[in-house]
Amino acid sequence: MQVSRQGIRQWRYWQVDPEKQVIHKSDEAYAEQLTEILTGCVRDRLRSTGPIAVSMSGGLDSTSVTAITSRLLSTAQAQHGGLPVYSYAFDEITSCDERAYISHMVSDYPLSPNYVFCDQEWTLRDLQSWPVYLEYPTNDP
């Protein structure tokens, strides 16, 4: 969209083609294309005037982005102790803690892990002490 004194001009710069199909001969070829596309997406977002860091959970999306970022920056980051990654950690609320998954990334890539301990900051930490309003359709706070 462009707004000026002459008026408003709208245009669509991209549209999904529902008829387009990608057909490869093997699963490896699909994986290779996905890696190529994801690497291009990450590379396009690494332009920065300052240091690069990643917010990483133990999930597939952030670990994939972290692995690719680490590969793309490996030489420069390795000289500075590895790519800084920031992750939430929980000692008490262990069901939210993903350090076991993160540790695999830290051992396989030049990363500098930084954990933000959140047990005391968790929004629903004292859920059992919250008031319950039974007149509402649900009593889930």
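This is a predicted model: local features need pLDDT of at least 70, side-chain atom pairs count only at pLDDT 80 or more; totals for chains, interfaces and linings use all residues.

**Starting from a strand pair**

Strand S3 (residues 54-55) and strand S4 pair in the parallel sense over two bridges; for two strands to count as paired, DSSP has to find at least two bridges between them. Within this pairing, Val54 has Val85 of S4 as its bridge partner.

Residues are numbered from 1 along each chain as its sequence is written, and side-chain values use heavy atoms, with hydrogens and water left out.

Now look at the other pairing of S4. S4 and strand S5 (residues 111-117) also run parallel, this time over seven bridges, and Ser87 has Tyr115 in S5 as its bridge partner. Put together, that gives an open sheet of three strands in the order S3-S4-S5, with parallel pairing. S3 and S5 stand at the edges with a single partner strand each, so one side of each has no neighbour in the sheet. As for S4 (residues 83-89), five of its seven residues are buried, where buried means under 20% relative accessible area, exposed means over 50%, and partly exposed lies in between (1.4 Å probe, protein chains only).

Let's zoom out to the whole chain. There are three helices and five strands, and from the N terminus on they run β-β-α-β-α-β-α-β. The radius of gyration of the chain is 22 Å, well over the 14 Å that the globule rule gives for 141 residues, so the chain is more spread out than a compact globule. (That radius is taken over C-alpha atoms, and the rule is 2.2 Å times the number of residues to the power 0.38.) The C-alpha trace spans about 50 × 50 × 45 Å along its principal axes, and 22% of the 141 residues count as buried. Even so, among contacts (heavy atoms within 4.5 Å) with a separation of 6 or more, 61% are between residues 24 or more positions apart.

Next, the inside. The largest nonpolar core has 13 residues, and Met56, Leu83 and Leu111 have the most contacts inside it. Such a core is a set of buried Ala, Val, Leu, Ile, Met, Phe, Trp, Tyr and Cys residues joined through side-chain atoms within 4.5 Å. Helix H2 (60-78), S4 and H3 each supply at least two residues of this core, with H2 giving the most, three residues. Setting aside neighbours within four places in sequence, Met56 has contacts that include Thr66, Val85, Ile102, Met105 and Leu111.

Thr66 is worth a click. Thr66 sits in H2 and counts as buried, at 0% relative accessibility. Beyond its neighbours within four places in sequence, Thr66 is in contact with Val54, Met56, Leu83, Val85, Met105 and Leu111. Its C-alpha atom is 8.9 Å from that of Tyr109, 43 residues away along the chain.

Ser70 is also in H2, and at 2% relative accessibility Ser70 is buried. With neighbours within four places left aside, Ser70 is in contact with Leu83, Tyr109, Pro110 and Leu111.

Thr39 is buried, at a relative accessible area of 15%.

Finish on S5, where Pro113 lies.

Key
Helices (H or I, at least four residues) and strands (E, at least two) are DSSP runs, numbered from the N terminus.
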